[in-house]
Amino acid sequence: MQRRTLDIWVGLFVVLGFLALLFLALQAGNLGAISFEKTYRVTARFDNIGGLKPRAPVKSAGVVVGRVEDITLDGQTFQALVTLKLQRSFLFPKDTSAKILTAGLLGEQYIGLEPGGDSVNLASGERIRMTQSAIVLENLIGQILFSKVAEGDGGADK
Amino acid sequence: MIGNLLARLGGSIRTFLSDLGFAARTFFMLLRASGGVLGRLRLVSDQVFFIGNHSLVIIAVSGLFVGFVLGLQGYYTLSTYGSEQALGLMVALSLTRELGPVITALLFAGRAGTSLTAEIGLMKAGEQLVAMELMGVDPVARVLAPRFWAGVIAMPLLAGIFSAVGVLGGYFVGVHLIGVDAGTFWSQMQDGVDVWNDIGNGFIKSVVFGIAVTFIALYQGYQARATPEGVARATTRTVVIGSLTVLGLDFLLTALMFSK
């Protein structure tokens with residue numbers, strides 16, 4: 001009997017430990033979000049990806065449909081080559097366009113997909129042709145300043 | 001004068017190196033003797049009860065309070081930047097990556113390590129280990145190996161319990177006392193904490209610390225001078241060397257795992 005109570009306590013301890021790890025993985029971590037759904041990969045080239053990072057969400061109409069898997073620089077064209085991993089259950093037309101957007105003014109960056117009207121869908125390994133780069137705030141401010149200065153000069157000439 | 005100093009320096013380095021060599025040899029003896037443990041899981045489970053179950057209360061209570069404090073302090077810092085909603089992420093990341101494994105290992109050295117050292121030191125002082133050898137029983141296989149594996153099993157489980165209870169503590173303070181929204185608390189946490197990178201690496205850390213602390217405790221007990229004073233010194237050394245080793249290893253592991 002003594003033996004048995006001891007074993008029960010040890011068993012309880014081990015079960016508690018594993019429950020704690022499971023709790024961390026499911027509730028604190030993203031194990032629940034890792035779907036074992038089948039995925040397919042498409043690529044896209046961007047002139048500038050801004051602050052986009054691997055594992056950033058890919059959204060269409062605001063719904064997460066995949067994740068950014070890999071980002072590299074193409075040595076020939078000097079464009080960023082982004083690999084997207086999309087869920088099999090979401091198929092997009094061939095002329096879908098990809099934009100790099102920002103959640104809020106200073107939030108994290110994600111890729112937004114806007115479906116086109118083609119009847120043929122994007123297949124695994126294909127490339128999204130139409131892309132729009134990230135808006136870099138510094139460039140935007142530079143352009144505004146430049147246009148203001150140009151306006152000012154125009155006024156002085158009159 | 002200078003010659004004396006040099007001699008003393010050389011002597012202490014020589015002692016340190018020979019101690020290190022001896023510890024490494026004992027470690028390999030322990031690993032070699034571990035095969036027999038598989039046939040005697042009873043011995044291991046007895047020790048898991050002794051090391052793990054008895055440390056449960058101190059680990060859970062410490063985890064809860066560390067979680068409380070992280071919630072309060074994290075809120076104070078984050079609210080300066082207007083990002084209180086990241087509180088859950090901050091609490092969970094600091095617990096799973098650093099505080100869980102490290103504080104558990106420090107408490108483990110104090111709670112379980114000392115008792116292992118004292119137990120084995122007293123067995124040695126009472127000449128029980130010698131008696132075993134005379135009977136043809138290898139004390140490394142019969143006494144050290146089950147305790148070693150029990151420590152290696154118990155430590156990651158305790159660290160997991162520490163982190164989980166700490167996250168709940170942070171949740172309680174953040175959501176119920178301060179009033180951070182519960183939904184953003186959890187969703188920010190789930191967005192930012194990666195299962196393999198953060199929780200997995202924290203788990204690996206706790207396994208490494210378990211090996212280090214348990215081995216240091218056993219080695220100190222095994223090498224203790226067989227007197228009451230010798231056992232007292234060995235117990236102190238377990239805590240000092242164990243804690244320093246944990247902190248040093250933590251720096252090394254963090255640099256290897258998270259310095260991308």
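Student: How many helices and strands are there in chain A?
Tutor: Good place to begin, and keep in mind that this is a predicted model. Along its sequence, chain A follows the pattern α-β-β-β-β-β-β-β-β-α. That gives 2 helices and 8 strands.

Student: In what order do the 8 strands stand in the open sheet of chain A?
Tutor: The pairing in this open sheet is mixed. Strands E7 (127-128) and E8 (130-132) of chain A stand at the edges with a single partner strand each, so one side of each is left without a neighbour in the sheet. Reading across, the order is E7-E1-E4-E3-E2-E6-E5-E8.

Student: Which residue stands opposite A:Lys59 in E3(A)?
Tutor: Let's look at the two strands concerned. Strand E2 (residues 57-60) and strand E3 (residues 63-73) of chain A pair in the antiparallel sense over 4 bridges. They form a hairpin with 2 residues between them, and A:Ala61 in the turn has a positive phi of about 55°. Opposite A:Lys59 you will find A:Val64.

Student: Which residue in the turn between E3(A) and E4(A) has a positive phi?
Tutor: E3(A) and E4(A) pair in the antiparallel sense over 7 bridges. One pair to look for is A:Arg67, which stands opposite A:Lys85 in E4(A). The two strands form a hairpin with 6 residues between them, and the turn residue with a positive phi, about 55°, is A:Phe78.

Student: What is the bridge partner of A:Ser97 in E6(A)?
Tutor: Here the strands are E5 (residues 97-102) and E6 (residues 109-114) of chain A. They run antiparallel and are joined by 6 bridges. In E6(A), the partner of A:Ser97 is A:Glu114.

Student: Is A:Thr96 buried or exposed?
Tutor: First find A:Thr96 in the loop between strand E4 (80-87) and E5 of chain A. Leaving out residues up to four places away in sequence, A:Thr96 touches A:Leu113, A:Glu114, A:Pro115, A:Gly116, A:Leu122 and A:Ile128. A residue needs 20 or more other C-beta atoms within 10 Å to count as buried. A:Thr96 has 21 of them within 10 Å, so this residue is buried.

Student: How far is H1(A) from its first C-alpha to its last?
Tutor: H1(A) has 27 residues. At 1.5 Å a residue, 39 Å would be expected. The helix comes close to that, reaching 38 Å.

Student: Which helix of chain B gives the most residues to the side that touches chain A?
Tutor: In this interface, 22 residues of chain B are in contact with 19 residues of chain A. The elements giving two or more residues to the chain B side are H2, H3, H5, H6 and H7 of chain B. The residues on that side divide into 14 nonpolar, 7 polar and 1 charged. The top contributor, with 7 residues, is H5(B).

Student: Which residues touch the most other members of the largest nonpolar core?
Tutor: This core has 70 residues. Helix H1 (2-28) of chain A and helices H2 (41-80), H3 (87-125), H5 (139-178), H6 (182-192) and H7 (195-223) of chain B each supply at least two of its residues. H5(B) gives the most, with 21 residues. The members touching the most others are B:Leu158, B:Val213 and B:Leu218.

Student: Which residue of chain A does B:Leu158 touch?
Tutor: We leave out residues up to four places away in sequence. In chain B, B:Leu158 then touches B:Gly52, B:Ser55, B:Ile59, B:Thr104 and B:Phe108. Across in chain A, the residue touched is A:Gly17.

Student: Why do the buried residues of H6(B) line one face of the helix?
Tutor: The buried residues in H6(B) are B:Phe185, B:Gln188 and B:Met189. What covers them includes H1 of chain A together with H3 and H5 of chain B. Seen down the axis of H6(B), the buried residues line one face because they fall within an arc of 100°.

Note on methods
Residues numbered from 1 in each chain as written. Chains lettered and ligands numbered in written order. Predicted model: local features only at pLDDT ≥ 70, side-chain atom pairs only at ≥ 80, totals over all residues. Core = buried A, V, L, I, M, F, W, Y, C linked by C-beta atoms within 7 Å. Buried ≥ 20, exposed ≤ 12 C-beta atoms within 10 Å, placed from the backbone. Contact = placed C-beta atoms within 7 Å. Nonpolar A, V, L, I, M, F, W, Y, C, P; charged D, E, K, R; others polar. Arc of directions from axis to C-beta. Pairing = 2+ DSSP bridges. Expected span 1.5 Å × (residues − 1).
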